[in-house]
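Please look through the structure below before reading the points that follow.

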Amino acid sequence: MMRSDLASAESDRRLSREAAAQLREIAHELRNPLNALTAIAEIFRDQRFGPLPGERYPEYADLAHGAALRMLQLCDRLLLEDPAARSVATSPVGRVLADIVGLFGPMAEERGVSLVLDLPDTLPEIQVEAEALTSAVNNLVVNAIKFTPRGGRVTVAARTEPSENVAVLVISDTGVGMDPEEVARAMAPGWAGAVSTLGVHGDTGSGMGLAVVRRQVEALGGSLELRSARGKGTCAIIRLPLPGGG
């Protein structure tokens, strides 16, 4: 029995090393196009070849530049650090959510969808692991925009539940929604629920987004709940433990 356990552990370590090597290769291949995108966005942001024909183009270029830089930083971390070591950099949850709404505002606007940030003035400065939470909420916001028709609304909200000692983040939309079978499939463990998707604006997806979000939220010690009804929209609820919780 012990020999079997040792063999299993060694197999897991080998798979982990192989996965880490593949991640490094992917990160290396991504760096060149990301460097190019960053440089192009910087040129547009700074209007180096003359004024852009619209006041908002520099703002959008700045958002694109920031997003490309964040991707480059992630690639550098995968190349230079232990890929198994998660980032511990933290930020206030309100700032993380505000940055996400700012980043995807142009995407929502182009599709005729209102993207709204709803944070109470009393929200405390809850520190969260910024990279993991950003990735999780990014996926939820993009999904919400993809499946909300023109004229609809996506809301990103946060509050605390002191009685449960949790922070509650809610990403809701007035989109097409899902029936119970689709919700169950989307929330299935692992990659079982991954089915290619097509949003109402023609955006395609791998269907892996919710599986990724669930893993990221659970890695933060939290939980993900999905509520949806066909024709009535979807509500994704993240519950994260507050610091000092027992």
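1. The largest nonpolar core has 44 residues, and the members that touch the most others are Phe104, Leu115, Leu133 and Val141. At least two core residues come from each of these helices: α3 (93-110), α4 (130-146), α5 (180-186) and α6 (209-219). The strands β4 (153-161), β5 (166-173), β8 (223-229) and β9 (233-241) also supply at least two each. Helix α4 gives the largest share, 10 residues. Keep in mind that this is a predicted model.

2. Take Phe104 as one case from the core. Apart from neighbours within four places in sequence, Phe104 is in contact with Leu115, Asn138, Val141, Val142 and Ile145. Two of these partners, Leu115 and Val141, are also named among the residues that touch the most other core members.

3. Gln216 lies in helix α6. Is Gln216 buried or exposed? Its relative accessibility is 18%, and the cut-off for buried is under 20%, so Gln216 counts as buried. With neighbours within four places in sequence left aside, its contacts are Ala132, Ser135, Ala136 and Asn139.

4. Ala61 belongs to helix α2, which covers residues 57-80. Ala61 counts as buried because its relative accessibility is 9%. Beyond the neighbours within four places in sequence, Ala61 is in contact with Ala41, Phe44 and Arg45.

5. How far apart are the C-alpha atoms of Ala61 and Thr38? The separation is 9.5 Å, for two residues that are 23 residues apart along the chain.

Key:
Residues numbered from 1 in each chain as written. Predicted model: local features only at pLDDT ≥ 70, side-chain atom pairs only at ≥ 80, totals over all residues. Heavy atoms only, no water. Helix = DSSP H or I, 4+ residues; strand = E, 2+ residues; numbered from the N terminus. Buried < 20%, exposed > 50% of the residue type's maximum accessible area, 1.4 Å probe, protein only. Contact = heavy atoms within 4.5 Å. Core = buried A, V, L, I, M, F, W, Y, C linked by side-chain atoms within 4.5 Å.
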